[in-house]
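Hi everyone, thanks for having me. Let's walk through one structure together, and I'll go step by step. Here it comes.

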Amino acid sequence: MSADHRSAGGRPRAFDEARALDAAIDVFWRLGYEGASLTELTQAMGINKPSLYAVFGSKEKLFVRALERYGLSYREHLDAVLAKSTTYEVIESYLRSIAESSTQAGVPGCLSIQGGLSCAPKNAHIPQLLAEYRQGLEDAVAKALAKTTDASTHDIDTAALAGYAVTMGQGLAVHAAAGVEQSRLDVVVDVALAGLTSLLGAQPVTGVNGNPGTN
């Protein structure tokens, strides 16, 4: 949308806020918070700088809105991923989904990692904001684990296990952002699940693509 097509208040006519936020998500995902300049953001969003400030207030507020939209979209996916019956199935589904989604065409990795891996002291609140987002993921995984049919049988600290799963997921996302292929990530997940199998005292399971899990 041309910067000339705007109302007196600076807001573009027929402004599609959802589409603009999706474009901002893509820029923040690829470049991180500090690497995303206002010029790159406004060009991707199809608006000018006055419009960005008029609609979102600031770059930081835009990032918050983008992260909120990203989180809402991902939570719908996450709810389906975590809807499993056993502890093992929940963790396996979570890790497999990250290995797959973080290597799909487009922007690799995860916004909650890529968005603020490195920030200057003046923007130290950005990594903290992302850490709070990831804590929300841990809480969601822990809640799903607490509902499994074997949670009480294994007497496992679901919060600690959820922390393990999310930490593993973050590592997978970082490797994906560096160009590691899904096949390699799947092998890492196999190893992680083998450790989980040992913890749960279960029988060895089949790994990805029908290959035996690591013992």
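Let's start with two helices. Helix α5, residues 87-101, packs against helix α10, residues 182-200, at an angle of about 165 degrees, and their axes are 10 Å apart. Please keep in mind that this is a predicted model.

How do α5 and α10 run relative to each other? Angles over 145 degrees count as roughly antiparallel, and therefore α5 and α10 are roughly antiparallel to each other. The crossing of α5 past α10 is right-handed.

Now, which residues make that contact? On the α5 side we have T87, Y88, I91, E92, L95, R96, A99 and E100. From α10 come Q182, L185, D186, V189, D190, A192, L193, L196, T197 and L200.

Next, the core. The largest nonpolar core has 57 residues, and F28, M45 and Y94 are the ones that touch the most other members. Let's pick M45. If we skip residues up to four places away in sequence, M45 touches A20, A23, A24, L52, F56 and L62.

One last stop: T42, which sits in helix α2, residues 38-45. Is T42 buried or exposed? Its relative accessible area is 6%, and buried means under 20%, so T42 is buried. And what does T42 contact, leaving aside its neighbours within four places in sequence? Those partners are I47, N48, K49 and L52.

Notes
Residues are numbered from 1 along each chain as its sequence is written. This is a predicted model: local features need pLDDT of at least 70, side-chain atom pairs count only at pLDDT 80 or more; totals for chains, interfaces and linings use all residues. Side-chain values use heavy atoms; hydrogens and water are left out. A nonpolar core is a set of buried Ala, Val, Leu, Ile, Met, Phe, Trp, Tyr and Cys residues joined through side-chain atoms within 4.5 Å. Buried means under 20% relative accessible area, exposed over 50%, partly exposed in between (1.4 Å probe, protein chains only). Contact means heavy atoms within 4.5 Å. Axes are lines fitted to C-alpha atoms, for helices over the stretch in contact, and angles run from 0 to 180 degrees between N-to-C directions. Helices (H or I, at least four residues) and strands (E, at least two) are DSSP runs, numbered from the N terminus. Angles under 35 degrees count as roughly parallel, over 145 as roughly antiparallel, 65 to 115 as roughly perpendicular and the rest as oblique. A crossing is left-handed if the near helix is turned anticlockwise from the far one by less than a right angle, and right-handed if clockwise.
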